[in-house]
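My entries follow in the order in which I looked.

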Amino acid sequence: MADGAGGPTTRDAPWPVAMLSNKLKEYLDRLGTVWVEGEITQWGISAGNVYGKLKDVDADATVSFTIWSSVKARLSEQFTQGDRVVALVKPNWWVKGGSLTMQVFDLKHVGVGDLLERIEQLRAKLQAEGLFDPARKKRLPFLPGVIGLVTGRDSDAEKDVLRNAHLRWPAVEFRIEYAAVQGDRTVPEVVRAIAKLDADPEVEVIIVARGGGDFQNLLGFSDERVVRAAAEASTPIVSAIGHEADRPLLDEVADLRASTPTDAAKRVVPDVADELARVEQTRARLGMRLTAILTREIDRIEHLRSRPSLADSNWIVDRRAEELTRWVARGTELVERTLERQASRVGELRGHLRALSPQATLDRGYAIVQGADGHVVRSSDAAPAGASLVVTLAEGALAAVSEGATGDVRTGASTVTSTGANTGTSTGASTPNPSESTPAEPVGGRE
């Protein structure tokens, strides 16, 4: 075994348990007394002594403490579970039982001024981040079908919200998540409840409700974790914590602050009776407005109908009938004049055409003489003796044979001998018919 001085130990020379326990006590006794802050989570009295537990307000750490009856008698304040305190403690190792406890020599509530200062510092920090900006606040639905409720189990706040909500709108539904509303479990349970309801797609608004209480009992609703959970929720949050004078930080970040749980129910759920009355009022105003509009329009139509132009509508037809008759007569006259003028013009053009027509020349006794090649004979040299000729008359044609040039100076034409009639016709220069001594008429002569 190790020596009594407590030298290095080995497997063959271990310390006795009593030596280890004593050394722990010696080491802890050298720490002396310290002031610590925490929340009382357990407070029990036995034989005048107090046995309890003190929990860190932010972290998950707890220590046991003991207040001897002599110390308890000197305490000037009353304490209970859930109080936030500062304590003067000294670590005390119980050698026989092998347990560590904190022996309390003095105990005081955390000053309200200190707590308020910390809350104001947190308020300024969150406000600088924009968590309290009115632009972030979401609009509450007019008539939510499902309402989420975060509250204490069997609490008056729960009963007030449910009773007033169902009185105003019996069909409204609730999804309730119970959470501690004071003490060390408040923050994690409220955060969990908000997150769960926010994840429910049917929940349209969340009410966080707690009845009245002293300042310290409401501290959990000014915790930064609760405030940030409410700010991150996509579902509108209604804060109904305490009474009108209570203003935890949750009120600042919530989309709506209600002074009490009862007020929250009234502001989230519309009153069916009020809404029905409002609908009836609106319907009555709408009926009166429509009646007034229809009456005004009927009067205006009657006024228009009483005008002379509308009292007897036949004048419109009579006037238009007279205008139509006048325009029809005018149109007929213009058409007749146009036809007469164009008929006269056609007659003039017909006369010119007949005067210029070769047939008109033939009709006056002239003939057309063509050689065997079809060309018109214009001189005696073109029709020597024996040449075959075709003589076209006004009616029909003759085949002829030239006998050569003659001395007929008057006409200058060749003498031809007819060989017979020819039914064909031809065009070309004309030769005077010996049987016709009258010269040709000028162009534009008789028809």
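Before reading off bridge partners, I noted that two strands count as paired if DSSP finds at least two bridges between them. The model is a predicted one, and I kept that in mind throughout.

Entry on one pair of strands. I looked up strand S6, residues 146–151, and found that S6 pairs with S7 in the parallel sense over 6 bridges. Within this pairing I traced Leu149, whose bridge partner in S7 is Ile176.

Entry on the sheet. I then asked in what order the strands of the open sheet are arranged. The 5 strands run S7-S6-S8-S9-S10, and their pairing is parallel. Strand S7 (173–178) and strand S10 (256–257) are at the edges, and because each has a single partner strand, one side of each is left without a neighbour in the sheet.

Entry on the helices. I found helix H4, residues 156–168, lying across S6, S7 and strand S8 (205–210), with a direction at about 175 degrees to S7. Helix H5, residues 186–199, lies across S6, S7, S8 and strand S9 (237–241), and runs at about 150 degrees to S7.

Entry on the whole chain. I counted 12 helices and 15 strands in the protein chain, and of its 447 residues 33% are buried. Of the contacts between residues at least 6 apart in sequence, 60% join residues at least 24 apart. For the accessible surface I noted about 27400 Å², with 55% of it belonging to carbon and sulfur atoms.

Definitions and conventions. Residues numbered from 1 in each chain as written. Predicted model: local features only at pLDDT ≥ 70, side-chain atom pairs only at ≥ 80, totals over all residues. Heavy atoms only, no water. Helix = DSSP H or I, 4+ residues; strand = E, 2+ residues; numbered from the N terminus. Buried < 20%, exposed > 50% of the residue type's maximum accessible area, 1.4 Å probe, protein only. Contact = heavy atoms within 4.5 Å. Areas by Shrake-Rupley, 256 points an atom, 1.4 Å probe, with all protein chains shown as cover. Axes fitted to C-alpha atoms, helices over the stretch in contact; angles between N-to-C directions.
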